[in-house]
Amino acid sequence: MNRPQASGDCPAVDVTHDTFTGVADDAQGGRWLVLAVRVPAEPSRHRVAVWRELRRTGAVPLGQGCWAVPEVPAVAGGVARAVDLAGRGAGEVLVLRAAGREEADAARLEQLFTEAREAEWAEFTADCGKFSAEIDSEIAKGKFTLAELEEEEQSLDRLRRWHRELAARDVFRAPGAAEAAQQLKHCTEKLAGYTDQVFRVLHQM
């Protein structure tokens, strides 16, 4: 049977959602999943969708079309979705269990994964800073309205969801996680203070 031309150097076969779920539920400490992904170059939306899902799952690229992620239950759903997306684009995925042949290999995989999580925590912390600065700006302008308060509450909810997602895939606890948690706490306290000011102003009207 002829296969479509696809990106990636690693050969692959179909893996169903049930197949991956069974693998993920049997997670073992120190084990990794290596995914060899092949999706036709056109239309590009399918390749992009798979790439985005793998990044959201926390997978790190090892080479063209090859990704790695720790074998833990938290990533099962994301990898299964990536497999489904590849199939929709007439592509295929091969999911393999793996471990470093040498201690240095396993350490390198952990380093790559942790570096990716550290970059995400840095981005999260920067967004927390923007949130805090936004609250300061509204206070300085005397903008104490329910509409603005609701907007800031939505922004904090987004930060909380983002934090939960990052924490779920930060298997090896990147150094930036602690600072990120502190910044989220600071944002929560900042919004609480702003909320008090908004209601004080409204009750005086």
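Predicted model: local features only at pLDDT ≥ 70, side-chain atom pairs only at ≥ 80, totals over all residues.
The chain has 205 residues, of which 37% count as buried. Its secondary structure consists of six helices and four strands. Read from the N terminus, these elements follow the order α-β-α-β-β-α-β-α-α-α. Among contacts with a separation of 6 or more, 84% join residues 24 or more positions apart.

Helix H2 covers residues 44-57 and helix H3 residues 76-88; their axes lie 9 Å apart, and the packing angle is about 175 degrees. An angle over 145 degrees counts as roughly antiparallel, and H2 and H3 are therefore roughly antiparallel to each other. On the H2 side, the contact is made by His 46, Ala 49, Val 50, Glu 53, Leu 54 and Thr 57. These residues meet Gly 78, Val 79, Arg 81, Ala 82, Leu 85, Ala 86 and Arg 88 in H3. Sorted by class, the contact of H2 with H3 contains seven nonpolar, three polar and three charged residues.

A second pair is formed by H4 and H5. Helix H4 spans residues 103-140 and helix H5 residues 146-169, and the two pack at an angle of about 165 degrees with their axes 11 Å apart. Because of that angle, H4 is roughly antiparallel to H5. The crossing in which H4 passes H5 is left-handed. From H4, the residues in contact include Phe 113, Trp 121, Phe 124, Cys 128, Phe 131 and Ile 135, together with charged residues such as Arg 117, Glu 120 and Asp 127. Their counterparts in H5 include Leu 156, Leu 159, Trp 162, His 163 and Leu 166, as well as Glu 148, Glu 152 and Arg 158. By class, the contact of H4 with H5 comprises eleven nonpolar, two polar and ten charged residues.

A disulfide is a covalent bond between the sulfur atoms of two cysteines. The structure holds zero disulfides. Cys 128 is in no disulfide, and the nearest cysteine sulfur, that of Cys 187, is 4.0 Å away. For Cys 187, likewise in no disulfide, the nearest cysteine sulfur is that of Cys 128. The distance of 4.0 Å stands against a cut-off that requires the two sulfur atoms to be within 2.5 Å. Cys 128 has a relative accessible area of 1% and is therefore buried. Cys 187 also counts as buried, because its relative accessibility is 0%.

Note on methods. Residues numbered from 1 in each chain as written. Heavy atoms only, no water. Axes fitted to C-alpha atoms, helices over the stretch in contact; angles between N-to-C directions. Parallel < 35°, antiparallel > 145°, perpendicular 65-115°, else oblique. Left-handed = near helix turned anticlockwise from the far one by under 90°. Contact = heavy atoms within 4.5 Å. Buried < 20%, exposed > 50% of the residue type's maximum accessible area, 1.4 Å probe, protein only.
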